[in-house]
Amino acid sequence: MTHSVSGLADILADSVPWMSVRTAGSVPGPEWVSCAELVAEQLAGGDPTYGWRQAAADDYARDYAIDPPEQVAAMFTLMWYVQVPALVAGVTAAATGVSPEVSPSALAFRRHPTAHYPTEVALLSTEVMPLAAAAEQLKAHTTAFLESYEPGVKLGSLQRFGAVDDEVRAAIRLPDEAPYAEQAAKAFGVSLEQKLRTSCCYFYVLPKVNACTTCPRFR
């Protein structure tokens, strides 16, 4: 079967209940985040996610009545960002064996106004990628982001790159019908047998919050 990007967008939207997906010829509007611009700014030494992290930290401070440790917002912002290309590639690859382009220039997103995670994604390219090419694009995109991400608190390489594996593994498991799940997992270098996450969100450090059941601290 031949797949179009618009058809893959529909599969992605149907598989991810908290996210809407559209195709677009360019970044839809000023309130949208261009992945290409964000990564480019980081690579130039900027900190384009500062406001994003601060908004999350302000919410944690209000909700838990503490000055939250910096690593919580830093890690959630990291996970939310890499989730965008990971979901696009992982869900569609598992369902169809192909993926939309997931390079920075091919993606934009808009965040939820109060919960802060991405809830809308725009696919900016008409290219449909085979599994191997999608895996290379995902690796290049997330590596460029992770190696230039400087949130003001130390996050080790296992935390950073483990988050990508965690998000793509979760994405592969999302479609109701995923005939290419094993092939996708192999291409993206993850194991569907793994139960615990590789990375930790640090949410457990907030008052009266228990670690999630997939937290790597349970190893």
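The crossing of α5 and α6 is right-handed, a crossing being right-handed if the near helix is turned clockwise from the far one by less than a right angle, and left-handed if anticlockwise. This is a predicted model, in which local features need pLDDT of at least 70 and side-chain atom pairs count only at pLDDT 80 or more, while totals for chains, interfaces and linings use all residues. Residues are numbered from 1 along each chain as its sequence is written, and side-chain values use heavy atoms, with hydrogens and water left out.

Helix α5 spans residues 131-148 and helix α6 residues 157-172, where helices are DSSP runs of H or I with at least four residues, numbered from the N terminus. The two pack at an angle of about 140°, with their axes 10 Å apart; axes are lines fitted to C-alpha atoms over the stretch in contact, and angles run from 0 to 180 degrees between N-to-C directions. α5 and α6 are therefore oblique to each other, since angles under 35 degrees count as roughly parallel, over 145 as roughly antiparallel, 65 to 115 as roughly perpendicular and the rest as oblique. On the α5 side, Leu-138, Thr-142, Thr-143, Leu-146 and Glu-147 meet Arg-160, Phe-161, Val-164 and Val-168 of α6, contact meaning heavy atoms within 4.5 Å. The residues of this contact divide into five nonpolar, two polar and two charged, with Ala, Val, Leu, Ile, Met, Phe, Trp, Tyr, Cys and Pro counted as nonpolar, Asp, Glu, Lys and Arg as charged, and the others, Gly among them, as polar.

α5 also packs with helix α7 (residues 181-188), at an angle of about 45° and with axes 9 Å apart, which makes α5 oblique to α7. Leu-131, Ala-134, Ala-135 and Leu-138 of α5 form this contact with Gln-183, Ala-184, Ala-187 and Phe-188 of α7, and by class it has seven nonpolar, one polar and no charged residues.

In helix α4 (residues 70-96) lies Val-88, which counts as buried at 0% relative accessibility; buried means under 20% relative accessible area, exposed over 50%, and partly exposed in between, for a 1.4 Å probe and protein chains only. Leaving aside neighbours within four places in sequence, Val-88 is in contact with residues including Leu-12, Pro-100 and Val-121.

Turning to the cysteines, a search of the whole structure finds zero disulfides, a disulfide being a pair of cysteine sulfur atoms within 2.5 Å. For Cys-200, the nearest cysteine sulfur, that of Cys-215, is 4.0 Å away.
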